[in-house]
Amino acid sequence: MTSQDFRAAAPRDPAHRTEPTEQQSWDQRIAALSSEHPLKRDEMANSALIRTLRGLDAPHTPVWFMRQAGRSLPEYREARVGTGMLEACLTPALAAEITVQPVRRHGVDAGIFFSDIVVPMKLAGVGVDIVAGRGPVLDEPVRTAADVAALPELPDAALDPIREAVSRTVELLGDTPLIGFAGAPFTIAAYAVEGGPSRDHLRPRTMMHADPQAWDALAQWAARTSGAFLRAQVEAGACAVQLFDSWAGSLSLADYLEHVQRHSTDALGAIADLGVPRIHFGTGTGELLAAMRDAGADAVGVDYRIPLDTAVERVGKRTVVQGNIDPALLAAPWPVLREHARDVLRRGQSALAHVVNLGHGVPPETDPEVLTKLVAFIHEETQ
Ligand code: CP3
């Protein structure tokens, strides 16, 4: 199918129309990918997600959900019986199966690789576990320059289970794109310095001012580690990536620009030559959206706290936006959720292009049938 066909199927405001040269420039950007990479296939390059992330017209507005693989699905809970979270992430056949479960069930437009932002840290040899109901917890927090200097480097061969899981997943997904991901340096460093989940992230925010050199070294380590994790996924077949800076919303814009942004640029830079679209997401980041775009993103993920058209005013018309159905409304009566989804679609029209997602992850208690219905609704409304 040509881009002309899609234009006929889904007319947009001509002011935002992307010229065919945009497609050619993307073709050049992926020149460094191996010839076997799925993004080299026309079916994949023309999928709704990839076209939208490239800022091109698509057959329908694509939708996927953060945390679509996980506890809301009975088949996930069954697959996980007797297997710890990190063990599941490092068992390639299981990680592949769990990644594909929500794609099969809901018909979403992408798989998100089943793993965790602390997996590369674990593979580097840091003592970390994921405690159910709490999140990542380190054996020893990283608080001093000496702690930072002692952090182990991630050997390339340690990423082999990730490469194998991604290859198996891509095989199972066929023409549905796989999104790879990693934690952004601030969010990774926040777990490292706090030693576990925290609300205000006071310790990392203190460290960046009290000992900026140690902070820089820690954030550089996190950028290298997350960058290598991203690169392994893309080389093994992921067709887009999302960098999660989940906790960046606890930062002032000044601190983000001075102490954080360049490290996120480095993490995203690890795959810049491979040309896959890059999404950059955080929560509570209304004030940071333009700075997050400038870190090297093709698309910014917007949480539920600001409307998409406001986000577009902040990032401009050259950036794709992703979001931002409020996860709280998944538990509301269907007509309430439907009208909210319509409003999100309407506001998303002001962007260069729009990928539908939630404003944060799927809550574990969500009725999976609501997600299936929501996907069908988004597709019907935008065809
Ligand atoms: O479906 C997907 O989104 C793909 C898999 C995925 C997981 N974690 C699986 C997971 C992804 C992309 C992540 C990223 C991640 N991990 C982030 C960024 C996204 C976000 O939510 O902001 C963060 C901050 C983490 C750290 C982390 N891991 C937390 C806070 C938790 C939750 C603790 C809990 O049990 O509620 C985890 C555990 C985790 N990661 C689970 C899953 C499915 C739950 C583990 C389980 O099933 O027992």
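Trainee: Which residues line the largest cavity?

Mentor: Pro 38, Met 44, Val 170, Leu 173, Gly 174, Thr 176, Leu 178, Gly 237 and Cys 239 line the largest cavity. Here is the general idea. Rolling a probe the size of a water molecule over the atoms shows where empty space is left. On a 1 Å grid over the protein atoms alone, a cavity is a set of points where a 1.4 Å probe fits but cannot get out; a pocket is an open set with protein on both sides within 12 Å along at least five of seven lines; lining residues have an atom within 4 Å of a point.

Trainee: What kind of model is this, and how are its residues numbered?

Mentor: The model is predicted, so local features need pLDDT of at least 70 and side-chain atom pairs count only at pLDDT 80 or more, while totals for chains, interfaces and linings use all residues. Residues are numbered from 1 along each chain as its sequence is written, and side-chain values use heavy atoms, with hydrogens and water left out.

Trainee: How many cavities of 30 Å³ or more does a search find?

Mentor: A search of the whole structure finds one. The largest cavity holds about 30 Å³ of space. Volume here is the space filled by probe spheres set on the points, with grid points joined across faces, edges and corners. The lining of the largest cavity has six nonpolar, three polar and no charged residues. Ala, Val, Leu, Ile, Met, Phe, Trp, Tyr, Cys and Pro count as nonpolar; Asp, Glu, Lys and Arg as charged; the others, Gly among them, as polar.

Trainee: What volume does the largest pocket have?

Mentor: The largest pocket has about 1300 Å³. It is lined by 45 residues, and those closest to its centre are Arg 67, Arg 71, Asp 116, Gly 135 and His 360. By class, the lining of the largest pocket divides into 22 nonpolar, 17 polar and six charged residues.

Trainee: Which element gives the most to the lining of the largest pocket?

Mentor: Helix α11 does, with three residues. Helices (H or I, at least four residues) and strands (E, at least two) are DSSP runs, numbered from the N terminus. α5, β2 (128-131), β3 (135-138) and α11 each supply at least two residues of that lining.

Trainee: How is α11 placed against α12, and at what angle do their axes cross?

Mentor: Axes are lines fitted to C-alpha atoms, for helices over the stretch in contact, and angles run from 0 to 180 degrees between N-to-C directions. The axes of α11 (residues 185-194) and α12 (residues 202-210) come within 8 Å and cross at roughly 105 degrees. That makes α11 roughly perpendicular to α12. Under 35 degrees counts as roughly parallel, over 145 as roughly antiparallel, 65 to 115 as roughly perpendicular and the rest as oblique. Phe 186, Ala 190, Val 193 and Glu 194 of α11 are in contact (heavy atoms within 4.5 Å) with α12. The α12 side includes Leu 202 and Met 208.

Trainee: Is His 201 buried or exposed?

Mentor: Buried means under 20% relative accessible area, exposed over 50%, partly exposed in between (1.4 Å probe, protein chains only). His 201 is buried, at 4%. Its place is in the loop between α11 and α12. His 201 has a positive phi of about 55 degrees, although it is not a glycine.

Trainee: And what is the phi of Arg 67?

Mentor: Arg 67 has a positive phi of about 60 degrees, and it is not a glycine. Arg 67 sits in the loop between α4 (48-53) and α5 (74-80). Arg 67 is exposed, with a relative accessible area of 56%.
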